[in-house]
Amino acid sequence: MERPSNNTADTAQSLLEEQRVWCAKIRDIAASRSKNPLAYVDTYGCQQNESDSEKLRGMLIEMGYGMTYDEYSADVVIVNTCAIREHAENRVLGNVGELVHTKKAKKSQVIVFCGCLAAVSKTVDKVRSSYEHVSLVFPPNKLWKFPELLYRALVDKKRIFETDDENAFVAEGLPTHRDHKVKAWLPIMYGCDNFCSYCIVPYVRGRERSRRAEAVISEASSLVAAQYKDITLLGQNVNSYTDPASNCASGGLSLRFPALLKKLSDISGDFLLRFMTSHPKDAGAELFEAMAQSGKIAKHIHLPFQAGSDRILKLMNRGYTAREYLDKINLARSLMPDIVITSDVIVGFPGETNEEVNETIALVEAAEFDAMFTFIYSARPGTPAAKLQDTVSKEEKHERFDRVVTLQNEISEKKHAQYIGKTLRVLVDSKAPGEAYPFKARSNGGRLVHLQAPPEQDGGNREMVGEFVFAKITQSNNWSLYGELYG
């Protein structure tokens, strides 16, 4: 069943209706067994992969499978992979290799290799030749086709590699199974058009495709009605969102991400909207003003800067200068003095000099991020940066990495210490092991708060998960805050 070139909503809906037929066929197979079949979904990588896994679980449940976290008891094992760095790929392939033992223990087990690595031809060839226990391989743009592919693997008993490079489309209405009852991922777009020179994402997830605003608002409304309190809008570059159905309104102007945020903020209920990941070239006054004007949009933005050197930023194809980046976060802080800004940085890009690392350090000092994720450059075959000559030793990269991390840890520790004595409204999102701080919560700005239980006289056995409460901050470190219930 190949997708026609006509990419209309009617065509997509017709394809998804066919997949429901395959779901029913597998459900019949499951019902004929003496006991309920089980599936295990193992997820690597970003929040988009987590969201994809929620859809895989939703489809599996619709096909009659129960969920398990034990790969030995599973009839279907799905490994949803990440291709962003070499370390992630090596880890995934190592764990897939270990599944040869579960396949030997249960010969009928179907092992599925999907996600971003399944769109990398070199990796697919390696799976084909060296991981013969893997039964089914498909990339992210074939997620919608999973029921049909699984049926073929179950019935034909042959290995299936569904990796042709056809254009992807937005599949609406896929069933979703979320394990978390307080926080929800909500994809609003897929793919990426930026082609940063170091990044494999546009090659494995395709070009940008935005969901219709109507569909996003409907799903968000359903999540709020189901008592989800923390909703994160997802996209590889979330703030380049454009409603594909809106260009006939407002004189031909498209509904862009800030306008979508405003519409989502109008949904009745007590909840917070977050979003990630943002690209600095698309973040500006309109977005920051929308954030500032709504009490339902979290005052937090994750805005990767990646390098402090303009030469390196140009080689990375990032589309802005260090000064332009700092001007953006200064504007955000002028509109929202309490905004939390987090970021990503890559150390050791090919040809990066020590002076250019110092420029990165200077940007970190000027920006004073609340937290930052630091990575050593990892060459991804097929990207333009992989062809650049790398003249910096591994030892020197690690030394530079340590300098950047040490500086950011000092800044984070200082900024978090400023919370001590303050009272924050936080969302309790999970329980935690240990008696001293048995709850985990998040502030509006996304700061992790380890929370003490309420005193016995105030309901010490109270569940609290899913509640907004006030916490007085008593301690901090460079990654989190500690607090007690207040009021």
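## Val364 and its contacts

Val364 touches Phe305, Phe369, Met372, Leu407, Gln408 and Ile411, leaving aside residues up to four places away in sequence. Contact here means heavy atoms within 4.5 Å. Val364 sits in helix H13 (residues 354-367). Helices (H or I, at least four residues) and strands (E, at least two) are DSSP runs, numbered from the N terminus. Val364 has 0% relative accessibility, so it counts as buried. Buried means under 20% relative accessible area, exposed over 50%, and partly exposed in between (1.4 Å probe, protein chains only).

This is a predicted model, in which local features need pLDDT of at least 70, side-chain atom pairs count only at pLDDT 80 or more, and totals for chains, interfaces and linings use all residues. Residues are numbered from 1 along each chain as its sequence is written, and side-chain values use heavy atoms, with hydrogens and water left out.

## Helix H3

Helix H3 spans residues 86-98, 13 residues in total. From its first C-alpha to its last it reaches 19 Å, close to the 18 Å expected at 1.5 Å a residue. That expected span is 1.5 Å times one less than the number of residues.

Ala88, Glu89, Val92, Leu93 and Val96 are buried in H3. Seen down the axis of H3, these buried residues fall within an arc of 125 degrees, so they line one face of the helix. The arc is that of the directions from the helix axis to the C-beta atoms. The face turned away from the buried side carries the exposed residues His87, Arg91 and Glu98. The buried residues of H3 pack against strand S3 (76-81), helix H4 (100-105), strand S4 (110-115) and helix H5 (121-130).

## Helix H8

Helix H8 (residues 213-225) has 13 residues. It reaches 18 Å from first C-alpha to last, close to the 18 Å expected. Its buried residues are Ala213, Ala215, Val216, Glu219, Ala220, Leu223 and Val224. They pack against strand S7 (183-187), strand S10 (230-234) and helix H9 (257-265). Just after H8, Gln227 takes a positive phi of about 75 degrees.

## Nonpolar cores

A nonpolar core is a set of buried Ala, Val, Leu, Ile, Met, Phe, Trp, Tyr and Cys residues joined through side-chain atoms within 4.5 Å. The largest has 65 residues. Within it, Leu233, Phe257 and Phe275 touch the most other members. Phe257 touches Ile188, Leu233, Val238, Asn239, Tyr241, Phe275 and Leu287, not counting residues up to four places away in sequence. Apart from this core lies another, of 30 residues, among them Ala12, Val41, Leu150 and Ala171.

## Backbone details

The peptide bond from Met276 to Thr277 is cis, with omega near 0 degrees. Thr277 is found in the loop between strand S11 (272-276) and helix H10 (285-293).

Lys157 has a phi near 60 degrees, a positive value in a residue other than glycine. Lys157 lies in the loop between helix H6 (146-156) and strand S6 (160-161). At 67% relative accessibility, Lys157 counts as exposed. The C-alpha atoms of Lys157 and Val364 are separated by 54 Å, and the two residues are 207 apart along the chain.

Met464 also has a positive phi, near 70 degrees, in a residue other than glycine. Its place is in the loop between strand S17 (448-451) and strand S18 (468-476). Met464 has 0% relative accessibility, so it counts as buried.
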